[in-house]
Amino acid sequence: MKMPFADAVITAILGYGVVFVGLVLLMCAIILMGKVMTAKKAAPAAASTAAPTPAPRADIPAAPGTAGEVALYDVPDKDAAMLMAIVADKMGKPLNELRFKSIKEVK
């Protein structure tokens, strides 16, 4: 059974229209969900910044002295200092309690 050309054009236009409307609705749903999620994420962050930060504990004295020299191989001083600070933070120890012998960039 053959469909007349005019009916085929109308069917194609209606099909494309349905798909286009579906895509627009999906885009609106994604944008709405994104706004809801960012609003939920921003609310706890705002509440946490309003809370006072606890004072550092005074009962633990800082470690005296330094940990010696560090050999740097193809690493700028600024990057080495940043890496040492990150390691100290992750380990939960003061920087002067850790000993770094050398820092080398792996290529």
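Start by selecting L25: at 56% relative accessibility, this residue counts as exposed, where exposed means over 50% relative accessible area, buried under 20% and partly exposed in between (1.4 Å probe, protein chains only). L25 sits in helix α1, residues 5-50. What you have open is a predicted model, in which local features need pLDDT of at least 70, side-chain atom pairs count only at pLDDT 80 or more, and totals for chains, interfaces and linings use all residues. Residues are numbered from 1 along each chain as its sequence is written, and side-chain values use heavy atoms, with hydrogens and water left out.

Now colour by secondary structure. From the N terminus, the elements run α-β-α-β; helices (H or I, at least four residues) and strands (E, at least two) are DSSP runs.

Then select V75, A80, M84, A88, L98, F100 and I103, the largest nonpolar core: buried Ala, Val, Leu, Ile, Met, Phe, Trp, Tyr and Cys residues joined through side-chain atoms within 4.5 Å. Helix α2, residues 77-91, gives the most to this core, with 3 residues.

Last stop: I103. Beyond its neighbours within four places in sequence, I103 is in contact (heavy atoms within 4.5 Å) with residues including V70, Y73, A80 and L83.
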